[in-house]
Amino acid sequence: QHFRARLTDVERQVRAERDADESGPAKEWMGKCTTLRLELDAAVQAAVRLDRRLKVCTEDNDTLRMQFQAQEDDRGYLIRREMGVKKDNDRLRRELEVMRVECD
């Protein structure tokens, strides 16, 4: 009987310690830990999404920069061609005027 009484007493102590652990500061810390872990998971997921979006935007930006540079190169070429054509037209007009004067 003494053994059973001691066993019952030890079981009560264990239950009391368990209940104290579950309802005391440890439970608060566990709750805070769980909350922080959930916030961390959400922040990591958001960071991953933002990294993916940044990669896509960076690729789009590079493509647009290349297109812009190609358009600028084309624009410069067309301006140079226009200047050349204007010079040729001026020269041809002068030659035509000289020929008209010579023919008259």
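Predicted model: local features only at pLDDT ≥ 70, side-chain atom pairs only at ≥ 80, totals over all residues.

Biologist: How many salt bridges does the structure hold?

Modeller: The general idea is to look for a side-chain nitrogen of Lys or Arg within 4 Å of a carboxyl oxygen of Asp or Glu. In this structure there are five salt bridges, and one of them joins Lys86 to Glu82, with the closest N and O atoms 3.7 Å apart.

Biologist: Where do Lys86 and Glu82 lie?

Modeller: Both are in helix 2, and they are four residues apart, which is about one turn of the helix. Lys86 is partly exposed, at 45% relative accessible area, and Glu82 is partly exposed as well, at 42%.

Biologist: What is the distance between the closest N and O atoms of Arg93 and Asp90?

Modeller: Those atoms are 4.0 Å apart in the salt bridge of Arg93 with Asp90. Because the two residues are three positions apart in helix 2, about one helical turn separates them. Arg93 counts as exposed, with 57% relative accessibility, whereas Asp90, at 40%, counts as partly exposed.

Biologist: Which residues are linked in a network of salt bridges?

Modeller: The network links Asp88, Arg91 and Glu95. Within this group, Arg91 forms a salt bridge with Glu95, and their closest N and O atoms are 2.9 Å apart. Arg91 and Glu95 are about one helical turn from each other, because they are four residues apart in helix 2. Arg91 is partly exposed at 35%, and Glu95 is partly exposed at 38% relative accessibility.

Biologist: Let us turn from charges to nonpolar side chains. Which residues make the nonpolar surface patch of about 240 Å²?

Modeller: Leu40, Val44 and Val48 make that patch. To be counted in a patch, a residue needs over 30% relative accessible area, and Val44, at 45%, is partly exposed. Val44 is placed in helix 2, which covers residues 25-103.

Biologist: My last topic is cysteines. How many disulfides are found in the whole structure?

Modeller: The idea here is to search for a pair of cysteine sulfur atoms within 2.5 Å, and the search of the whole structure finds zero disulfides.

Notes:
Residues numbered from 1 in each chain as written. Heavy atoms only, no water. Patch = residues over 30% accessible without salt bridge, like charges linked within 9 Å, V, L, I, M, F, W, Y side chains within 5 Å. Areas by Shrake-Rupley, 256 points an atom, 1.4 Å probe, with all protein chains shown as cover. Buried < 20%, exposed > 50% of the residue type's maximum accessible area, 1.4 Å probe, protein only.
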